[in-house]
Amino acid sequence: MDNDAATPPPAALPIASFSMASASVSEAQANYSVAVTLDKPAPAPVTISFSSQGVGAVQGVDYSIAQAGSISIAQGAQSAMINFSIIDDNAVEQAESVSLVLSSAVGATIGSASQFSLSIVDNDAANNTPPIVSLAAVSGAASEGQGTYNLVFNLNKVSAQPVTVMLVL
């Protein structure tokens, strides 16, 4: 009997990737999930770490992520979800996004599709009319060429963009 038979090389680890590179959701959509997939079933439990970075979007203001920077894929499974909660506000604003990057894995290797971008499109855009500016109060006293007047302006709604008032005297 020959005991010198070569031991087969260990099986290659599964490759972890995002199921898509990007997606777009309305701010009115309460939840969104993106899958992290393996190219073959996990031979053992897999833990994948990820980082998030808001690009205009702010964690806790525009979105939140249920997992705290890592997900697990059970032995025999091929995917897990990263779950977003989308936070609706009343501010008229440009689309904002958040990027995820798969940073490391235990029990798998990170594939080339390691980045995902979620664009959050403002649902207040249907009301995307600029705020109405009104003169609230005038105070002060001055004669020509001297003195100060204080002008107070109000907006009829919150604006996510700076508002400029042109005053012609």
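**Sheet, rings and a surface patch**

User: How many bridges join E3 to E7, and do the two run parallel or antiparallel?
Analyst: E3 and E7 run antiparallel, with 7 bridges joining them. A strand here is a DSSP run of E, at least two residues long, numbered from the N terminus, and two strands pair if DSSP finds at least two bridges between them.

User: Before I go on, what kind of model is this?
Analyst: This is a predicted model, where local features need pLDDT of at least 70 and side-chain atom pairs count only at pLDDT 80 or more, while totals for chains, interfaces and linings use all residues. Residues are numbered from 1 along each chain as its sequence is written, and side-chain values use heavy atoms, with hydrogens and water left out.

User: OK. Which residue stands opposite Asn31 in E7?
Analyst: That's Ser85. Ser85 is also the bridge partner of Ser64; E5 and E7 (residues 79-86) pair in the antiparallel sense over 3 bridges.

User: What's the strand order in the sheet?
Analyst: The order is E5-E7-E3-E1-E9, an open sheet of 5 strands with mixed pairing. E5 (63-65) and E9 (109-110) are at the edges with a single partner strand each, so one side of each has no neighbour in the sheet.

User: And how do E1 and E3 pair?
Analyst: They pair in the antiparallel sense, over 3 bridges. Phe18 stands opposite Val36 in E3.

User: Switching to aromatics, how many pairs are there?
Analyst: Rings of Phe, Tyr and Trp (its six-membered ring) pair if their centres lie within 6.5 Å; planes under 30 degrees apart count as stacked, over 60 as edge-to-face and the rest as tilted. That rule gives 5 aromatic pairs. One of them is Phe18 with Phe116: the ring centres are 5.7 Å apart and the planes are at 35°, so the pair is tilted.

User: Where do those two sit in the chain?
Analyst: Phe18 is in E1 (residues 15-18) and Phe116 is in E10 (residues 115-121).

User: Are Phe18 and Phe116 buried or exposed?
Analyst: Both are buried, meaning under 20% relative accessible area, with exposed over 50% and partly exposed in between (1.4 Å probe, protein chains only). Phe116 has a relative accessible area of 1%.

User: What about Tyr32 and Phe116, stacked or tilted?
Analyst: Their centres are 6.4 Å apart and their planes are at 5°, so that pair is stacked. Tyr32 is in E3 (residues 31-38), 84 residues from Phe116 in E10. Tyr32 counts as buried too, at 15% relative accessibility.

User: Which residues form the aromatic cluster?
Analyst: Phe18, Tyr32, Tyr63, Phe84 and Phe116 make one cluster.

User: What does Ser114 touch?
Analyst: Leaving out residues up to four places away in sequence, Ser114 touches Phe18, Leu100, Val101 and Leu102, with contact meaning heavy atoms within 4.5 Å. Ser114 is in the loop between E9 and E10 and is buried at 15%.

User: Which strand gives the most to the patch?
Analyst: E12, with 4 residues. Leu151 lies in E12 and is partly exposed at 35%.
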